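Please open the model in your viewer and follow the selections below in order.

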Amino acid sequence: SPQAIFKDPFRGGNNILVICDTYTPQGEPIPTNKRHMAAQIFSDPKVTAQVPWFGIEQEYTLMQRDVNWPLGWPVGGYPGPQGPYYCAVGSDKSFGRDISDAHYKACLYAGIEISGTNGEVMPGQWEYQVGPSVGIDAGDHIWASRYILERITEQAGVVLTLDPKPIQGDWNGAGCHTNYSTLSMREDGGFDVIKKAILNLSLRHDLHIAAYGEGNERRLTGLHETASISDFSWGVANRGCSIRVGRETEAKGKGYLEDRRPASNMDPYTVTALLAETTILWEPTLEAEALAAKKLALKV
């Protein structure tokens, strides 16, 4: 059934792109219809009252067709080590800007809440940001933006991959960092609410990891700006943590948190709904909370 409508950047005019979710003939949501469950969580009065905001950083890798090797890389060989490629300019450092730019314009035309883009750490890898989006919109906008991106790479004769670690070795993987806040996190005293949310997230780490994308264990190694998949951690301005809190949030005493665990191929309906559920609806036992607070040295 139709759930979200965007203007069609490819055909123009009165044409539209429609996001639908899928059901069996009996009216049951099919197993891969993750939107159904997310819509239930986001329509919960407790959740709507908290106006959950999401800002999602979608990383992706552009591959040469037929050789399964990143764009701009010598076939069968490697470029120079990471360092000069992040946010870079120059034909020897930046590969695929035309795709990134065309995608950006197409998303703006479509009405997607795209808010930024940049070249990434690994050459041939890019990122764009969608948000702030409220509730279920985050999932709709990310899925529509992914569809548009794949259409544009198709036109360019380049292959899109959302694999979280397309090249093994000393190269950054691809994630989908999810920035998140609730109304009470954004208001005065919000940092305490953020800490309580981090506590809850620590207690459900395994549940979140299981839902945060396929092949993520190849990316979350503790190296290349990630935390280890088996450990939950948080910190201010620390890229090696599961959850990062910005310096500005700490200074102002309110703001948002960044969940750095989701993989580039994560389902945004699942991730956003789980964040809302764990931090707004789920209540740990006092005993579990006390143990977690001690472990994380968090004063709540």
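Is cysteine 20 buried, exposed or partly exposed? At 46% relative accessibility, cysteine 20 counts as partly exposed (buried means under 20% relative accessible area, exposed over 50%, partly exposed in between, with a 1.4 Å probe and protein chains only).

This is a predicted model, in which local features need pLDDT of at least 70, side-chain atom pairs count only at pLDDT 80 or more, and totals for chains, interfaces and linings use all residues. Residues are numbered from 1 along each chain as its sequence is written, and side-chain values use heavy atoms, with hydrogens and water left out.

Next, display the cysteine sulfurs. The structure holds zero disulfides (pairs of cysteine sulfur atoms within 2.5 Å). For cysteine 20, the nearest cysteine sulfur belongs to cysteine 107, 18 Å away. For cysteine 87, that of cysteine 176 is nearest, at 17 Å.

Now select helix 1, residues 34-42 (helices, H or I of at least four residues, and strands, E of at least two, are DSSP runs numbered from the N terminus). Arg35, Ala38, Ile41 and Phe42 are buried there.

Finally, move to strand 8, residues 178-181. Thr178 and Tyr180 are buried on one side, Asn179 and Ser181 on the other. Strand 8 pairs with strand 3 in the antiparallel sense over four bridges (pairing requires at least two DSSP bridges); here threonine 178 is the bridge partner of isoleucine 56. Three bridges join strand 8 to strand 11, also antiparallel, and asparagine 179 has glutamate 258 as its bridge partner.
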